[in-house]
Amino acid sequence: MSRWFRRSLYAVTALLGLVVIAGAAVYASASAKLARTYKDAPLVEITVPGDSATIERGAHLVAAIGKCAYCHGADLGGQVFIDDPQIGVVPASNLTRGGAGAEYTDAELLRVLRHGVKRDGHGARIMPSEDWQYLADDDAAAIIAYIRSRPAVTRELPKFKLRAVGRAL
């Protein structure tokens, strides 16, 4: 075996080893971030009026400003908004009384909206809560009032699952 061939073989082996180590590091880092819990996100009580003007304001905020239907579906009953063989399966929660709307208190919905933290302390992974963290209390209450006013939707959604590219992203 020539010296050139041996050196090339060593270089290719070292490169493959680095790729495997980098892949394992990305996987471990992503797993740690997905499993992280947030104990410091505040749970703030909020008064949610149920009058028609508040619900109408909430409908406007959900449709025109928040674009919540893009992820959660037109009926807010949840939907899969990413289903890609490379990225994974990413469903958005059912916000109606047939899903999270029945389980979560107003304060818990506010925490998910503003901080992206679910009831169990885990992150709401794709929720763009950084866009909502400074939302005024009356606007947040209007959004919650609108969500509460929607009819219950019962829909089975697949589990959240990230594949290699999704974890890397």
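Residues are numbered from 1 along each chain as its sequence is written. In this predicted model, local features need pLDDT of at least 70, side-chain atom pairs count only at pLDDT 80 or more, totals for chains, interfaces and linings use all residues, and side-chain values use heavy atoms, with hydrogens and water left out.

**Stop 1: the nonpolar core**

Select Ile46, Val62, Leu76, Leu113, Leu135, Ala140 and Ile143. These have the most contacts inside the largest nonpolar core, which has 21 residues. A nonpolar core is a set of buried Ala, Val, Leu, Ile, Met, Phe, Trp, Tyr and Cys residues joined through side-chain atoms within 4.5 Å; buried means under 20% relative accessible area, exposed over 50%, and partly exposed in between (1.4 Å probe, protein chains only). Two or more residues each come from helix 2 (52–66), helix 5 (106–115) and helix 6 (137–149). Helices (H or I, at least four residues) and strands (E, at least two) are DSSP runs, numbered from the N terminus. Helix 6 gives the largest share of this core, seven residues.

Now center on Ile143. Leaving aside neighbours within four places in sequence, Ile143 is in contact (heavy atoms within 4.5 Å) with Gly58, Leu61, Val62, Leu113, Trp132 and Leu135.

Move to Leu76, in the loop between helix 3 (68–72) and strand 1 (79–84). Its phi is near 60 degrees, a positive value in a residue other than glycine. Leu76 counts as buried because its relative accessible area is 3%.

**Stop 2: helix 5**

Select 106–115, the span of helix 5. Eight of the 10 residues of helix 5 are buried: Ala107, Glu108, Leu109, Leu110, Arg111, Val112, Leu113 and Arg114. Helix 4 and helix 6 are among what covers them. Just after helix 5, Gly116 has a positive phi of about 70 degrees.

Glu45 belongs to the loop between helix 1 (3–35) and helix 2. Is Glu45 buried or exposed? Glu45 is exposed, because its relative accessible area is 67%.

**Stop 3: the loop at Gly123**

Go on to Gly123, in the loop between helix 5 and helix 6. Gly123 counts as buried because its relative accessibility is 14%. Not counting residues up to four places away in sequence, Gly123 touches Arg36, Tyr38, Gly116 and Lys118. Gly123 and Leu34 are 89 residues apart in sequence, and 7.5 Å separates their C-alpha atoms.

**Stop 4: the second largest pocket**

On a 1 Å grid over the protein atoms alone, a pocket is an open set of points where a 1.4 Å probe fits, with protein on both sides within 12 Å along at least five of seven lines, and lining residues have an atom within 4 Å of a point. The volume is about 570 Å³, taken as the space filled by probe spheres set on the points, which are joined across faces, edges and corners.

Helix 1 and helix 7 (164–168) each supply at least two lining residues, and the largest share, five residues, comes from helix 1. The lining has 14 nonpolar, six polar and four charged residues. Ala, Val, Leu, Ile, Met, Phe, Trp, Tyr, Cys and Pro count as nonpolar, Asp, Glu, Lys and Arg as charged, and the others, Gly among them, as polar.

**Stop 5: the largest pocket**

Select His72, Pro91, Ala92, Ser93 and Asn94, which lie nearest the centre of the largest pocket among its 39 lining residues. Its volume is about 1200 Å³. Helix 3, strand 2 (88–92), helix 4 (100–103), helix 5 and helix 6 each give two or more residues to the lining. The largest share, four residues, is from helix 3. By class, 24 lining residues are nonpolar, seven polar and eight charged.

**Stop 6: the cysteines and Lys67**

A disulfide is a pair of cysteine sulfur atoms within 2.5 Å, and the structure holds zero of them. Cys68 counts as buried, at 18% relative accessibility.

Finish on Lys67, in the loop between helix 2 and helix 3. Phi of Lys67 is near 55 degrees, again positive in a residue other than glycine.
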